[in-house]
Amino acid sequence: MAPDPWLSMYDSTYHTAQEVAEKIQERNRYQRNGESTTKLNVAIRSLLQNLKEKTDRLKDLLFHSVSTRQITQLEGDRRQNLVDELLTRHRQLQASFKNEGTEPDVVRSSLMAGGVRQGVTNPWLVEEPEETRGLGFHEIQQQQKRIIEEQDAGLDALSSILSRQKQMGQEIGNELEEQNEIIDDLANLVENTDDKLRNQTRRVMMVEKKSTSCGMMVVIVLLLIAIVVVAVWPTK
């Protein structure tokens, strides 16, 4: 696997800081011996400028990697610690160059106490996570690869769950549509039955009314016949 460009640039920047510390120590030794330090001062200024530019570049690249999610948040925090320590070391080296702060021997011993390529604890990390402590570049890259693979697997599982839920939602939607159609059919059937019931009720009432009228007529006719019979029937 190709090396991570950010880690490669960090390694280069780290060694630039080491070189600055060594140059400052050499410059101070020349001063104690009364030798000229002009060339060393020019070289140190150039190296300090180079260190600042590289550190700023690392900061910009880190921001891009985090914002585009090319690395995990944990790895982003770890790299931010590295950048912060580089910025701090740059200020300390500047102060040492101007004889305003930490002695260059102390700075140099701190820088030389360990390194990323030696696979030992990085002396610039104040609280380096346990999972990356003592790891070299390639080991960190492998760890980052495993984390990304685990995240990809988690995303695949989440995608599968969402896909199943979407399918279930579609099936539920189809079922609701069918139930709504059945309810609409039942409503239409009830409405038609209600109309038929009303029509039949009206017909029954009309027949009943006609039946009542006919019965009364029969009674009247029978009474008239009875009267006539009585009237014409001879008396003894």
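Predicted model: local features only at pLDDT ≥ 70, side-chain atom pairs only at ≥ 80, totals over all residues.

Tutor: Residues are numbered from 1 along each chain as its sequence is written, and side-chain values use heavy atoms, with hydrogens and water left out.

Student: What is the volume of the second largest pocket?

Tutor: Rolling a probe the size of a water molecule over the atoms shows where empty space is left. A pocket is an open set of points on a 1 Å grid over the protein atoms alone where a 1.4 Å probe fits, with protein on both sides within 12 Å along at least five of seven lines. Here the volume, the space filled by probe spheres set on the points, is about 200 Å³.

Student: Which helix gives the most to the lining of this pocket?

Tutor: Lining residues have an atom within 4 Å of a point. Helix 5 (residues 137-232) gives the most, with four residues; helices are DSSP runs of H or I, at least four residues, numbered from the N terminus. The lining includes Val66, Arg69 and Asp152.

Student: Is Lys54 buried or exposed?

Tutor: Buried means under 20% relative accessible area, exposed over 50%, and partly exposed in between (1.4 Å probe, protein chains only). Lys54, in helix 2 (residues 38-67), is buried. Asp56, also found in helix 2, counts as partly exposed because its relative accessibility is 23%.

Definitions and conventions:
Helix = DSSP H or I, 4+ residues; strand = E, 2+ residues; numbered from the N terminus. Lys, Arg positive; Asp, Glu negative; His and termini not counted. Salt bridge = Lys/Arg side-chain N within 4 Å of Asp/Glu carboxyl O.
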